[in-house]
Amino acid sequence: MKSNNSRLKTKHIISSLLTIMLIISNIQLFAYSNGENENNEIEQVQINEEHELANNYKRVVEVASRSMEDRKRQEEETKKAEIQEVTYKKIDEITISKKMDLTKRCGISKEDFKNLIKGVKKDTSKFFYKNSDLIYDLCEKYEINEIFFCGLIAAESGWDIVESHRVKCNYISMMSNGTLIRYSSTKTGLEAAAKLLHKSYLTPSGAYYNGKTLSGVQKMFCPDPDWIDLVYDCMKQIVK
């Protein structure tokens, strides 16, 4: 009898242990399943975020690309409009006079200006022709009539550019303490001349401003009354 009871107890204990083990196994399986689901959800969220970032980056690139294309298109249209607005005179339409406004450009293209200077017989040293690009650009920058600027240089330095002016790259007799100012290069000297004329003689606020004509400049630039005729005669060598 006692043996049967012991066997029953043993079976009961084994059964209980199996039940407990089954419960623990189910719990672990459930926990593992939940962990897997959570991991899958996290991975899916990460994938979705990566897709969203990729899509956002693509949209930003597309917008930036469109903006650059729009800017380029606008710049091209602006350049075309500026080119269309510029209308040049012909060489034979250039007029000069002693009372002309020296801040008004002659109105021809750079290429025509170079051709005009090329035909000046007095320019035997070709100083004016060699520097015609620079002269044109400086007159554009400082609002000076090209024919006047060349005429002034020829009047002050001679068509062949006298040695004293040539070695100092000083072409309109700019002085300091009674001597010619020395400049380091032709470009520097010509720009200094154009800048001085614009700032001091041809701008109403300039220190030596007396008008925008030859007589206005002459009052402070050169005391010799014949200076006006000298400069104008040189101008007439360029424009007949």
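1. In this predicted model, the axes of helix H8 (residues 214–221) and helix H9 (residues 227–236) come within 9 Å and cross at roughly 130 degrees. H8 is therefore oblique to H9, and the crossing of the two helices is right-handed. On the H8 side, the contact is formed by Leu214, Ser215, Val217, Gln218 and Phe221; on the H9 side, Trp227, Ile228, Val231, Tyr232 and Met235 take part. Classified by residue type, the contact of H8 with H9 comprises eight nonpolar and two polar residues, with no charged residues.

2. Helix H2 (residues 110–118) packs with helix H4 (residues 132–142) at an angle of about 130 degrees, and their axes lie 9 Å apart. H2 and H4 are therefore oblique to each other, and H2 passes H4 in a right-handed crossing. From H2, the residues Lys110, Phe113 and Lys114 meet Ser132, Asp133, Ile135, Tyr136 and Asp137 of H4. The residues of this contact of H2 with H4 divide into four charged, three nonpolar and one polar.

3. Helix H7 (residues 186–201) consists of 16 residues. From its first C-alpha to its last, H7 reaches 22 Å, close to the 22 Å expected at 1.5 Å a residue. The buried residues of H7 are Gly189, Leu190, Ala192, Ala193, Ala194, Leu197, Ser200 and Tyr201.

4. Which helices do the buried residues of H7 pack against? The partners are helix H3 (127–130), H4, helix H5 (146–157) and H8.

5. Cys139 has its place in helix H4. Is the residue Cys139 buried or exposed? Its relative accessible area is 1%, below the 20% cut-off, and Cys139 is therefore buried.

6. Arg105 and Cys139 are 34 residues apart along the chain, and their C-alpha atoms are separated by 7.5 Å. When neighbours within four places in sequence are left aside, Cys139 is in contact with Arg105, Ile144, Asn145, Glu146 and Phe149.

Technical notes: Residues numbered from 1 in each chain as written. Predicted model: local features only at pLDDT ≥ 70, side-chain atom pairs only at ≥ 80, totals over all residues. Heavy atoms only, no water. Axes fitted to C-alpha atoms, helices over the stretch in contact; angles between N-to-C directions. Helix = DSSP H or I, 4+ residues; strand = E, 2+ residues; numbered from the N terminus. Parallel < 35°, antiparallel > 145°, perpendicular 65-115°, else oblique. Left-handed = near helix turned anticlockwise from the far one by under 90°. Contact = heavy atoms within 4.5 Å. Nonpolar A, V, L, I, M, F, W, Y, C, P; charged D, E, K, R; others polar. Expected span 1.5 Å × (residues − 1). Buried < 20%, exposed > 50% of the residue type's maximum accessible area, 1.4 Å probe, protein only.
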